[in-house]
Amino acid sequence: MINIFSVIFAFHKFIPRVRLDPMVGRIWPLGHMFDTSDLCEATLDTEGKVLRVLVSVGKIALLLGFLYMFICSLDILSSAFQLVGGKAAGDIFQDNSVLSNPLAGLVIGVLVTLLVQSSSTSSSIVVSMVSSGLLTVQLAVPIIMGTNIGTSVTNTLVAMTQAGDRSTFRRAFAGATVHDFFNWLSVLVLLPLEVATGYLYVVTKLIIDSFNIQSGEAPDLLNVITDVLTESIIQLDESVISGIATGDPEARNKSLIKKWCQTFTNTTLMNVTVPGPENCTDPLFCWDDGNQTITLKNVSKTYNIGKCKHLFVDVALPDLAVGLILLALSLLVLCSCLVLIVKLLNSMLKGQVAAVIKKILNTDFPFPFGWVTGYIAIIVGAGMTFVVQSSSVFTSAITPLVGIGVISIERAYPLSLGSNIGTTTTAILAAMASPGDTLGNALQIALVHFLFNITGIVLWYPVPFTRIPIRLAKSLGSVTASYRWFAAVYIIFCFFLLPLFVFSLSLAGWKVLVGVGVPLIVLLIFIIVINVLQKRKPGCLPAVLRSWDFLPLWAHSLAPWDKVVSVITAKCCCCCKCCQIATDDEKKTEENNQTTHMEAYDNPAMNTEKEMENEIKIELNILNMTRL
């Protein structure tokens, strides 16, 4: 007698493994990963599918429009900062005695870039000062390092706008500050090296002397598109800041707002009265007429032909008032566009789409070419920054993508490194467009910036162990997610208080700087070493130093400070009950996140893969039971 179970089992092997979807009556292959999009696709008719495509195209168009407005708002924000603090930046650069101190030069580079919100503007001021002989290239090197630090504050501020959700804020702030840590660590290594050996100056000087470089023309790429909108709002006269920095007395009384866009300069050879024969242009063209000395000299006169056509061309307001108006409006547009971009990305990048994009962006090449992936990301970052012609724009654009989890921090790090290179290549091309008498100095300063970033990448990227900025950024992201007020403390301390503190010590002289700075640096190194030993080898430490519990709680924990901040914000809050409800909701959401064991740096929208795997396992168990 044939065993009926054997027959059923043999017959079952030839049956295709399928499953019936009870909701739509459609048969899916058993290995198919079911998603809600499959249900929608199955229930939609032709008209619904066309409507769905139109909605997707509309979302893409809106995303591009908001991204365009976001980039333009960053440009207007830079102009606003220049109107508010541009003349102050020129005054800071004017004190050459302070610039002879490398630390003071570094801090001035940071502060000036923060004031004008553009490393290109601060670099152009340095080029003008070097070309006019007020500053040597050696003294300009620390300033260029400072501009590299100052320009990284923009994407950190952009990350602050995502503080509404703790998980998103954790990822976004870590993705933004990885750029900061790279710049700070590179300066900590290369500034002492430059002071001791002149490494950057010597290498760039050899490059300039070795090649016969001719002046050219810098390309306009994205500016061709954005200038249509930004120049209709405001146009600035960049020569005013450079004139103040180089000591031009007339520049101080000029407005930064550009009034005349079409001018004509007429140069005429005419008789000019000079104080004495030593001021003559040539002895052959010098004669006395009584008590006066007259010489022939080319005199240029500029005639205004056509006015500019931006909104503030005829507004009778001071630069500070116009700057504050533009600052408020640009921040409003920037934050609004950023929120809308994040909302659109979250609606477009869901489920399978998000999983596929995340896999494409964050997956390495197969062995043994996995190491190539990061360097390709560096090239991509450099290319994209070259297109948009601003590292701040590029890093600020990828910060929301890091926040929603589409781009991992490990991938955002090489993209940020590439953006540093991309902005220096743009500066090199801009320097090559300089006139012949300033070409050498301008190009050497741009090459200093380029070599600084290349050396930083060599220090902090090729060996995985040396990618310290990633670990530091993740730690800071976790802290700021728990204590969101600490993000503001970090920005104020690192970009304002610390530079101002070092600058004030530099003004006091080397003795004060060494007397105060060295003990603080020794104390900081001691704390770092003790922290590392506490985590790795606590047995090597005395019993007292194996933890910081011997210190008061406020000295080694942010929890007491958090209570103080909570009390202050509660008093400032007009509706305390609403705040209490909001905090209770946050606690509930945190408990729910802990119960689901969600990873800190994963996107919640991308957890569908795990659900699909669990569904497949359940189906396999049911199938095994039916075999019995």
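Reader: How many residues of the chain count as buried, as a percentage?
Author: Of the 628 residues of the chain, 38% count as buried, where buried means under 20% relative accessible area, exposed over 50%, and partly exposed in between, with a 1.4 Å probe and protein chains only. This is a predicted model, in which local features need pLDDT of at least 70 and side-chain atom pairs count only at pLDDT 80 or more, while totals for chains, interfaces and linings use all residues. Residues are numbered from 1 along each chain as its sequence is written, and side-chain values use heavy atoms, with hydrogens and water left out.

Reader: And how many helices and strands does the chain have?
Author: The chain has 25 helices and five strands, taken as DSSP runs numbered from the N terminus (helices are H or I with at least four residues, strands are E with at least two).

Reader: Switching to side chains, how many aromatic pairs are there?
Author: The structure holds eleven aromatic pairs; rings of Phe, Tyr and Trp (its six-membered ring) pair if their centres lie within 6.5 Å, and planes under 30 degrees apart count as stacked, over 60 as edge-to-face and the rest as tilted. One of them joins Phe169 and Phe173, whose ring centres are 5.5 Å apart with the planes at 50 degrees, so this pair is tilted.

Reader: Where do Phe169 and Phe173 sit in helix α9?
Author: They are four residues apart in helix α9 (residues 166-197), and therefore separated by about one helical turn. Phe169 counts as buried because its relative accessibility is 1%, and Phe173 is likewise buried, with a relative accessible area of 0%.

Reader: What about Tyr413 and Tyr461, how are their planes set?
Author: Tyr413 and Tyr461 form a tilted aromatic pair, with 5.8 Å centre to centre and 45 degrees between the planes. This pair links distant parts of the chain, since Tyr413 belongs to helix α17 (residues 409-432) and Tyr461 to the loop between α18 (436-460) and α19 (468-482), 48 residues apart.

Reader: Is Tyr413 buried or exposed?
Author: Tyr413 is buried, with a relative accessible area of 1%, and Tyr461 is buried too, at 4%.

Reader: Which residues do ring pairs link into a cluster?
Author: Ring pairs link Phe169, Phe173, Phe181, Tyr490 and Phe495 into a cluster.

Reader: Which residue lies over the face of Tyr461?
Author: Arg467 does, at 4.1 Å from the ring centre; a charge sits over a ring if NZ of Lys or CZ of Arg is within 6 Å of the ring centre and within 35 degrees of the ring normal. Trp260 has Lys307 over its face, at 5.7 Å from the ring centre.

Reader: New topic: how many disulfides does a search of the whole structure find?
Author: The search finds one disulfide, meaning a pair of cysteine sulfur atoms within 2.5 Å. Cys261 and Cys308 form this link, their sulfur atoms 1.9 Å apart, and with 110 degrees about the S-S bond the link is right-handed.

Reader: Which parts does the pair tie together?
Author: Cys261 lies in strand β3 (residues 260-274) and Cys308 in the loop between β5 (292-307) and α13 (319-348), so the pair ties together parts that are 47 residues apart in sequence. Cys261 is partly exposed, with a relative accessible area of 34%, whereas Cys308 is buried at 5%.
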